[in-house]
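Here are some quick notes to read alongside the coordinates. Have a look at the model first, then go through the points in order.

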Amino acid sequence: MENNIAFWAQKRGLKYSFLSKELGVSLQTFSRWANNKTQPNIFESYKLSRLLNVSMEQLIKEEDKRNHDL
C-alpha cells in the first residue's frame, strides 16, 4: 500500500490510536501497516477505507497521492 495509510490518516487528521481502536487491532499492528512493514487483509482494508473516507483504489494504488482531491 506504499504508505497510503499514513498519507490518508494524516490528511484526515486521524491518529493511529483512534484508527487502531476502531479497527480492533493493536496500535503496533496499525503502525506496521502505516510503515509498510505488513499489510491489512482485505476486510481490514475495507474497514480502513471507510474510516479514512477513501475508496479501496485510493488506499492501495501506488500513484502520487498528492494529486487526489480531498
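The points below start with the overall fold and then go through the helix contacts.

1. First, a reminder that this is a predicted model.

2. On burial, 33% of the 70 residues in the chain count as buried. The accessible surface of the chain is about 4700 Å², and carbon and sulfur atoms account for 45% of that. If you take the contacts between residues at least 6 apart in sequence, 59% of them join residues at least 24 apart.

3. Helix H1 covers residues 4-12, and its buried residues are Asn4, Ile5, Ala6, Phe7, Trp8 and Ala9. What covers them? The cover over the buried residues of H1 includes H2, H3 (27-34), H4 and H5 (56-60).

4. Next, the pair H2 and H3. Their axes come within 9 Å and cross at roughly 110 degrees, and the two helices are therefore roughly perpendicular to each other. The crossing of H2 past H3 is right-handed. On the H2 side the contact uses Tyr16, Ser17, Leu19, Ser20 and Leu23, and these meet Leu27, Phe30, Ser31, Trp33 and Ala34 of H3. Sorted by class, that contact has seven nonpolar and three polar residues, with no charged ones.

5. Then H2 (residues 16-23) against H4 (residues 42-52): here the axes come within 10 Å and cross at roughly 130 degrees. That angle makes H2 oblique to H4, since the roughly perpendicular range is 65 to 115 degrees and roughly antiparallel needs over 145. This crossing is right-handed.

6. Who touches whom between H2 and H4? Leu19, Glu22 and Leu23 from H2 meet Glu44, Lys47, Leu48, Leu51 and Leu52 from H4. The residues of this contact divide into five nonpolar and three charged, with no polar ones.

Key
Residues are numbered from 1 along each chain as its sequence is written. This is a predicted model: local features need pLDDT of at least 70, side-chain atom pairs count only at pLDDT 80 or more; totals for chains, interfaces and linings use all residues. Side-chain values use heavy atoms; hydrogens and water are left out. Buried means under 20% relative accessible area, exposed over 50%, partly exposed in between (1.4 Å probe, protein chains only). Contact means heavy atoms within 4.5 Å. Accessible areas come from the Shrake-Rupley method with a 1.4 Å probe; for residues, only the protein chains shown count as cover. Axes are lines fitted to C-alpha atoms, for helices over the stretch in contact, and angles run from 0 to 180 degrees between N-to-C directions. Helices (H or I, at least four residues) and strands (E, at least two) are DSSP runs, numbered from the N terminus. Angles under 35 degrees count as roughly parallel, over 145 as roughly antiparallel, 65 to 115 as roughly perpendicular and the rest as oblique. A crossing is left-handed if the near helix is turned anticlockwise from the far one by less than a right angle, and right-handed if clockwise. Ala, Val, Leu, Ile, Met, Phe, Trp, Tyr, Cys and Pro count as nonpolar, Asp, Glu, Lys and Arg as charged, and the others, Gly among them, as polar.
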